[in-house]
Structure formats: C-alpha cells, structure tokens
Amino acid sequence: MMANDVLKIKPDKQILSYPSERSGGAIHASAPNDVWQTDVADMRGFNVKGAMHTHMLVAVDVFTRKTYAAPMKAASSEQVVTVFKFWEGEGIPLPKVCDS
C-alpha cells in the first residue's frame with residue numbers, strides 16, 4: 001500500500017508530522033554579505049590518488065546568491081578558518097552571519 005492510499009483511507013493518520021511553529025525553511029538577508037549559508041563537501045570519492053585536498057567549503061550569499069568554493073585538506077574548523085582568511089585576503093567581504 002502506498003502512502004497516498006493510507007492517507008485516502010485514514011486521513012487522520014499523517015505520516016510526516018511537522019512542528020507547530022517553524023520558519024518554513026526560509027533564511028532571510030537584508031543586504032549582500034548579511035547571511036551566508038555554508039557546507040563542507042566530501043570530495044574523496046572524486047579525488048585523484050595522492051591529492052592534497054579532500055574536501056571543499058561552499059558558501060552562498062543568501063541575498064545575492066553568489067557562490068564561493070575553496071578546496072580544503074580536511075573537514076576541520078581550522079581549515080574553514082584558513083579558507084575564510086584566504087577569501088578575506090582576496091578582498092571578498094565576509095558575512096555578518098554564517099549559517100551551516
């Protein structure tokens with residue numbers, strides 16, 4: 001029986017329950033570089049044997065949707081700081097808030 005069939009037979013049996021108060025998944029920014037969303041991508045599956053960089057930091061400016069990416073040697077906070085210092089040195093203005 002499919003999920004839609006269950007809901008037709010017993011509509012009170014919700015399969016997925018959402019919290020009563022939620023943001024709706026929206027993250028808001030009022031200006032460029034106000035809020036960035038970041039994530040670390042594990043690139044080991046694509047890595048050439050012996051390569052130094054195994055991960056990648058990806059950041060998206062929520063307001064402009066401009067995307068930045070940089071290679072990292074590991075998925076560590078030290079490497080994230082190194083990337084942010086690199087971006088700052090390249091003249092990229094850093095965000096006020098970073099959401100990961």
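What is the mean pLDDT of the protein, and what share of its residues reach 70 or more? In this predicted model, the mean pLDDT (the predictor's confidence in each residue, from 0 to 100) is 82, and 73% of the residues reach 70 or more. Confidence is lowest in α1, with a mean of 57, and highest in helix α2 (residues 77-89), with a mean of 96. Local features need pLDDT of at least 70 and side-chain atom pairs count only at 80 or more, while totals for chains, interfaces and linings use all residues. Residues are numbered from 1 along each chain as its sequence is written, and side-chain values use heavy atoms, with hydrogens and water left out.

Two helices and four strands make up the elements of the protein (DSSP runs of H or I, at least four residues, and of E, at least two, numbered from the N terminus). Read from the N terminus, their order is α-β-β-β-α-β. Of the 100 residues, 20% are buried (under 20% relative accessible area, 1.4 Å probe, protein chains only). Among contacts (heavy atoms within 4.5 Å) between residues at least 6 apart in sequence, 38% join residues at least 24 apart.

D34 sits in the loop between α1 (3-9) and β1 (35-42). D34 is buried, yet has no salt bridge (a side-chain nitrogen of Lys or Arg within 4 Å of a carboxyl oxygen of Asp or Glu). The nearest side chain of opposite charge belongs to K96, 4.2 Å away. Leaving aside residues up to four places away in sequence, D34 touches A29, P95, K96 and V97.

Definitions and conventions
Buried < 20%, exposed > 50% of the residue type's maximum accessible area, 1.4 Å probe, protein only. Lys, Arg positive; Asp, Glu negative; His and termini not counted.
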